[in-house]
Amino acid sequence: MGNVNARDPDYWNVPDDPGIRHTDWMKKLPDSMSVSKVSIPGTHDTMARAGDIIWSWCQSLSLSVQLKIGIRFFDIRCRHFKNGLPIHHGQFYEHCSFTDVMNTMTSFVKSHPSEVLLVRVKEEYKAAECTRTFCETVWLTLQNYRENIWLEENIPSFKEVRGKIIILRDFKRENNPIGIPYATLDIEDYWKASSYKEKWRRVKAHLDSTRSTTDNIIHLTFNSCTEGIDAPREIARSLNPKLYKYVRANQGQGRFGIIAIDYPGPKLVEYIIENNFKTNVNVYQKSNSVFSCVLL
């Protein structure tokens with residue numbers, strides 16, 4: 001299955017820190033621009049770095065390092081257990097909590113106020129020993145971070161959310177708004193693929209569609225899946241080169257939206273970011289957001 005401690009300089013990374021830094025890349029995005037118009041590197045099952053078997057691991061980079069290299073979408077999965085929110089990947093506990101995640105993220109955006117983080121919050125595994133609902137526990141937890149989170153259900157401009165964390169709510173809302181409903185996103189997440197070929201066909205079709213539209217909808221493509229007996233890092237080793245070639249070949253040809261990746265390599269992350277500064281200005285003028293074509 002390959003060397004566990006390996007890296008490809010372009011698309012695939014297993015060591016903890018690839019050494020690149022893009023801590024403030026959103027600073028050059030215009031305030032008037034909608035968050036839906038951006039190309040954003042992200043991670044699938046962001047915190048899945050622990051567990052008894054390699055098939056439960058989806059990332060090698062810590063949350064702190066992901067933030068530093070420019071990742072801005074995070075797939076956070078919480079189990080509801082004893083009125084708390086430990087992070088899980090299926091049955092596997094990831095040795096951290098939703099509070100730990102929020103502490104790390106709020107510390108980052110306070111230090112880098114130009115940046116915006118988009119966070120899918122999803123309930124994972126079986127609830128146990130709880131006296132309130134999952135929604136209630138999430139709401140109560142988020143009250144500690146109100147200054148730095150976006151809980152409205154509409155898609156904001158960058159001016160409205162710099163230095164904030166946008167919650168993408170992937171659970172049933174009960175009372176108050178808790179972020180943008182995840183179900184309103186345009187999503188490709190064919191996670192149980194019959195083959196790598198079929199998964200990539202769907203990823204490419206969704207990215208093609210995203211690039212060809214200028215709607216004010218957040219587009220999210222998961223370049224990850226399960227297939228046969230391969231562990232996620234080996235699946236990523238197959239899918240990430242295809243994504244890398246696609247991103248390079250289509251630089252400046254429209255937004256990619258959010259791309260969620262397992263084991264993202266540093267150059268793959270960089271090319272997704274750079275697309276924002278190579279995309280034809282006319283694409284953004286159509287939505288009244290004039291975009292400066294400046295290389296990072």
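Select helix 2 (residues 98–111) and helix 3 (residues 134–142) of this predicted model: their axes come within 11 Å and cross at roughly 35 degrees. Axes here are lines fitted to C-alpha atoms, for helices over the stretch in contact, and angles run from 0 to 180 degrees between N-to-C directions. Helices (H or I, at least four residues) and strands (E, at least two) are DSSP runs, numbered from the N terminus. The crossing of helix 2 and helix 3 is right-handed; a crossing has that hand if the near helix is turned clockwise from the far one by less than a right angle, and is left-handed if anticlockwise.

Next, display the side chains at this crossing. Phe 98, Thr 99 and Met 102 of helix 2 meet Val 138, Thr 141 and Leu 142 of helix 3, where contact means heavy atoms within 4.5 Å. These contact residues comprise four nonpolar, two polar and no charged. Ala, Val, Leu, Ile, Met, Phe, Trp, Tyr, Cys and Pro count as nonpolar, Asp, Glu, Lys and Arg as charged, and the others, Gly among them, as polar.

Residues are numbered from 1 along each chain as its sequence is written. In this predicted model, local features need pLDDT of at least 70 and side-chain atom pairs count only at pLDDT 80 or more, while totals for chains, interfaces and linings use all residues; side-chain values use heavy atoms, with hydrogens and water left out.

Move to helix 5 (residues 196–212) and helix 6 (residues 232–249), which pack at an angle of about 35 degrees with their axes 11 Å apart. Helix 5 passes helix 6 in a right-handed crossing. From helix 5, select Tyr 196, Lys 199, Trp 200, Lys 204, Leu 207, Asp 208 and Arg 211; their partners in helix 6 are Glu 234, Ile 235, Ser 238, Leu 239, Lys 242, Leu 243 and Tyr 246. This contact divides into seven nonpolar, one polar and six charged residues.

Helix 7 (residues 266–275) is the next selection, and it is mostly covered, with nine of its 10 residues buried. Buried means under 20% relative accessible area, exposed over 50%, and partly exposed in between (1.4 Å probe, protein chains only). The buried residues of helix 7 include Leu 268, Val 269, Tyr 271, Ile 272 and Ile 273, as well as Glu 270 and Glu 274. Their cover includes strand 1 (7–8), strand 2 (12–13), strand 3, helix 1, helix 6 and strand 13 (258–261).

Asp 45 is found between strand 3 (40–43) and helix 1 (63–69). Although not a glycine, Asp 45 has a positive phi of about 45 degrees, and Asp 45 is buried, at a relative accessible area of 3%. Asn 83 lies between strand 4 (73–78) and strand 5 (86–89). Asn 83, also a residue other than glycine, has a positive phi near 60 degrees, and Asn 83 is partly exposed, at a relative accessible area of 21%.

Now select residues 31–170, which an unreviewed UniProt entry lists as "domain: Phosphatidylinositol-specific phospholipase C X"; UniProt positions are given in the numbering used here, feature names are shortened, and annotations may be inferred rather than shown by experiment. Over residues 31–170 the chain is 24% helix and 26% strand, and the end C-alpha atoms are 27 Å apart.

Finally, zoom out to the whole chain. The protein chain has eight helices and 13 strands, and 58% of its 296 residues count as buried. Its C-alpha atoms fill a box of roughly 55 × 45 × 35 Å along the principal axes.
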